[in-house]
Protein chains: 2
Amino acid sequence: MGVATSAEPRPPAPAVHVLKAPYLLFLGDAVESGFAKTALGLRDWAGDKCLAEHALPAATVTTGLPRMSPAAAAAAGARSMVIGVANQGGVVPDSWLPALLEGAAAGLDVVAGLHTRLTEIAPLHAAALQAGVRLIDVRVPPPGLPIASGAKRTGRRLLTVGTDCALGKKYTALAIARGLQARGIDAQFRASGQTGIMIAGEGIAIDAVVADFAAGAAERLSPDASPRHLDVIEGQGSLLHPAYAAVSLALLHGSQPDLFVVCHQPGRAQILGTPGYAVPSIEAVIAQTIAIGRLTNPAIRCVGVSLNTAGMTADAAAEEIARTAQRIGLPAADPIRGGDAFQRLLDACEA
Amino acid sequence: MGVATSAEPRPPAPAVHVLKAPYLLFLGDAVESGFAKTALGLRDWAGDKCLAEHALPAATVTTGLPRMSPAAAAAAGARSMVIGVANQGGVVPDSWLPALLEGAAAGLDVVAGLHTRLTEIAPLHAAALQAGVRLIDVRVPPPGLPIASGAKRTGRRLLTVGTDCALGKKYTALAIARGLQARGIDAQFRASGQTGIMIAGEGIAIDAVVADFAAGAAERLSPDASPRHLDVIEGQGSLLHPAYAAVSLALLHGSQPDLFVVCHQPGRAQILGTPGYAVPSIEAVIAQTIAIGRLTNPAIRCVGVSLNTAGMTADAAAEEIARTAQRIGLPAADPIRGGDAFQRLLDACEA
């Protein structure tokens with residue numbers, strides 16, 4: 001490593017991953033849409049960043065975007081080739097490599113959130129060096145993360161928290177940020193996980209940060225802002241999940257949120273991946289979030305509940321939403337369904 | 001990486017760092033005992049593992065152990081050369097390198113818990129390969145750490161928790177384990193930090209583990225045991241520390257302790273390193289530890305308080321200990337001072 005001299009001041013470490021748009025979405029050889037969740041999420045939530053898709057001949061999944069070769073996409077203005085597909089094990093199979101090499105050679109940054117590190121794929125690393133493009137593993141934390149200071153930052157913050165993993169914290173935060181922006185509020189989505197980072201174009205995967213620095217990473221994720229600005233921060237895990245609560249706590253302490261929304265999936269009984277653990281009640285999550293979160297923000301409060309009713313009929317969902325709002329005494333909504341209930345949740349976020 | 005075939009089963013990943021004793025303690029060029037805290041702690045708490053010390057000519061600090069060259073120590077039976085000294089920045093200065101090279105050449109593993117990774121010091125790495133010895137950075141987590149399962153393990157566990165960092169959680173756990181062993185109890189100290197690992201000869205630095213795996217690392221640290229066995233686990237940080245609470249929580253959830261002891265330093269008003277945060281009360285830490293810890297062990301309970309009275313007169317310490325025991329309604333003691341108060345704390349740990 002070179003050493004900076006006083007004549008050559010070292011630039012500050014990048015605070016977060018920053019991706020260049022527009023994206024070419026790479027679908028690999030996906031034949032099931034479940035494996036292309038990232039590409040489909042990008043299409044739905046970052047459509048303005050998505051220029052085209054590229055898939056191998058075996059693929060049947062499509063985002064509906066124009067199909068382009070990497071070279072054609074680069075010529076059309078694409079800046080990054082984003083791997084929007086995962087397979088069992090999170091590795092990059094050899095069959096994907098020619099397409100990725102073509103992307104790098106065409107001048108596209110290659111972006112992934114897999115277990116395999118792009119930089120550890122020797123031919124791709126060499127191609128990227130040669131072409132002068134970046135290989136960005138969005139799960140790798142940026143360098144220079146600080147230990148948390150606990151100091152109060154300016155601006156306002158809302159965090160989505162959950163009764164479990166994988167039930168809508170990211171899309172709830174996105175929907176709230178978009179909904180408030182549509183009302184003219186100065187709101188911004190802050191991504192704490194890999195798909196969120198690709199959607200936002202920047203962020204930090206908090207769960208991949210060494211424990212000592214996790215709260216400091218969360219502090220950096222939502223920096224000082226103007227007094228009326230609202231950061232809407234994607235939550236992770238659950239304070240009542242026996243494996244991931246430390247991630248949730250670091251994000252809570254470092255985010256020092258003024259407001260939080262509890263995300264829940266009606267009907268889910270067991271915590272994912274940990275047999276014997278029941279999904280906690282929304283009330284228990286509200287109480288635990290306040291009990292822990294008040295350390296860094298004594299004014300923390302819950303403003304509402306987001307329900308993932310994807311598996312329910314419209315009538316059943318509406319009934320569940322109304323029943324939950326009454327029981328908790330706060331607005332409840334499924335942000336994906338929207339409607340009046342969601343507008344009431346936005347009112348509460350805005351108040 | 002090679003791929004294991006069925007004919008060549010891959011051995012299981014080592015669960016924790018395991019160090020070979022006896023140790024040669026390396027004191028570098030230390031002239032202040034504060035920088036040799038690790039060596040002095042090893043002398044005091046792992047005297048049976050410490051064979052000799054080795055220092056550079058400039059050093060004035062001594063552990064009182066025999067002084068030996070690395071070659072002489074190896075000939076006398078030493079297996080590891082432990083860097084028992086730190087300097088500002090946690091780096092290995094060039095002036096230490098000849099002694100470390102001599103240790104490796106003499107067949108000693110070289111062990112450190114510094115920010116500099118021993119394996120990144122090229123000449124030392126080469127010397128270790130040549131001599132067939134290990135370079136062990138005890139802060140580097142072992143490979144293959146799992147995501148926590150939350151499953152109840154057999155045996156019993158006690159965790160030391162704190163009102164802040166750096167006030168006696170390691171030495172409290174050591175003293176309790178030793179005190180119970182002296183009573184014939186099947187108790188074992190479990191190290192979660194660098195000095196503790198050197199003292200115990202094994203362990204995992206939980207704060208250096210990626211957040212997603214931190215609770216899983218804590219699960220591995222205190223594995224299944226016989227029903228009457230008690231693991232006495234070194235705590236880290238504080239649940240009410242704005243930077244390190246995630247580490248404390250991961251250790252709490254993964255340890256699933258039956259019992260805990262709160263460690264506190266009378267007179268410390270401010271949390272270390274985070275201006276504006278008052279040290280919480282012992283009562284607040286008891287309440288928070290139970291509120292969070294009951295997720296993985298609903299039977300968790302506090303058995304007493306450990307007070308670090310190092311800066312107090314014997315009379316003032318005795319008074320503070322008695323007053324604290326009365327206020328909390330549980331045994332309180334300074335384990336380093338021992339005495340009847342400490343025996344009552346051990347009674348409570350044993351009950």
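User: Which residue in S12(A) stands opposite Leu259(A)?
Analyst: This is a predicted model, in which local features need pLDDT of at least 70 and side-chain atom pairs count only at pLDDT 80 or more, while totals for chains, interfaces and linings use all residues. Residues are numbered from 1 along each chain as its sequence is written, and chains are lettered from A and ligands numbered from 1 in the order in which they are written. S11(A) is joined by six bridges to strand S12 (residues 301-307) of chain A, the two running parallel, where strands (E, at least two residues) and helices (H or I, at least four) are DSSP runs numbered from the N terminus and two strands pair if DSSP finds at least two bridges between them. Within that pairing, the residue of S12(A) opposite Leu259(A) is Arg301(A).

User: How many of the residues of strand S11 of chain A are buried?
Analyst: A residue is called buried if 20 or more other C-beta atoms, placed from the backbone, lie within 10 Å of its own, exposed if 12 or fewer do, and partly exposed in between. Leu259(A), Val261(A) and Cys263(A) cover one side of S11(A), Phe260(A), Val262(A) and His264(A) the other, and all of these are buried. The strand is largely enclosed by the rest of the structure, because the buried residues number six of the six.

User: In chain B, which residue of S10(B) is the bridge partner of Leu159(B)?
Analyst: S7(B) is mostly covered, with seven of its seven residues buried; Arg156(B), Leu158(B), Thr160(B) and Gly162(B) point one way from the strand, and Arg157(B), Leu159(B) and Val161(B) point the other way. Five bridges join S7(B) in parallel to strand S11 (residues 259-264) of chain B, with Val161(B) opposite Val262(B). S7(B) is also joined by four bridges to S10(B), again running parallel, and there the partner of Leu159(B) is Ile233(B).

User: How many residues of helix H8 of chain B are buried?
Analyst: The buried residues of H8(B) pack against H7 (211-221) and H8 (245-255) of chain A, as well as S7 (156-162), H7 (211-221), S10 (230-233) and H9 (282-293) of chain B. The list of buried residues in H8(B) includes Ala246(B), Leu249(B) and His253(B). The helix is largely enclosed by the rest of the structure, because the buried count is eleven of the eleven.

User: Which helix gives the most to the side of chain B that touches chain A?
Analyst: 30 residues of chain B are in contact with 30 residues of chain A, contact meaning that C-beta atoms, placed from the backbone, lie within 7 Å. The side of chain B that touches chain A holds 21 nonpolar, seven polar and two charged residues, with Ala, Val, Leu, Ile, Met, Phe, Trp, Tyr, Cys and Pro counted as nonpolar, Asp, Glu, Lys and Arg as charged, and the others, Gly among them, as polar. H7 and H8 of chain B each supply at least two residues of that side, and the one giving the most, with six residues, is H8(B).

User: What distance separates the centres of the two domains of chain A?
Analyst: The domain assignment, automatic or from a database, gives domain 1 (17-137) and domain 2 (156-350) in chain A. 13 residues of domain 1 of chain A are in contact with nine residues of domain 2 of chain A, and H1(A) gives the most to the domain 1 side, with four residues. Taken over C-alpha atoms, the centres lie apart by 29 Å.

User: In what order do the strands of the five-stranded open sheet of chain A follow one another?
Analyst: The edge strands, each pairing on one side only, are S3 (50-55) and S6 (135-137) of chain A. S4 (residues 80-83) and S5 (residues 109-112) of chain A pair in the parallel sense over three bridges, with Val82(A) opposite Val111(A). The pairing in this open sheet is parallel, and the order is S3-S2-S4-S5-S6.

User: Is Glu120(B) buried or exposed?
Analyst: Glu120(B) sits in the loop between S5 (109-112) and H4 (122-131) of chain B. Because 11 other C-beta atoms lie within 10 Å, Glu120(B) is exposed.

Terms used: Two residues are in contact if their C-beta atoms, placed from the backbone, lie within 7 Å.
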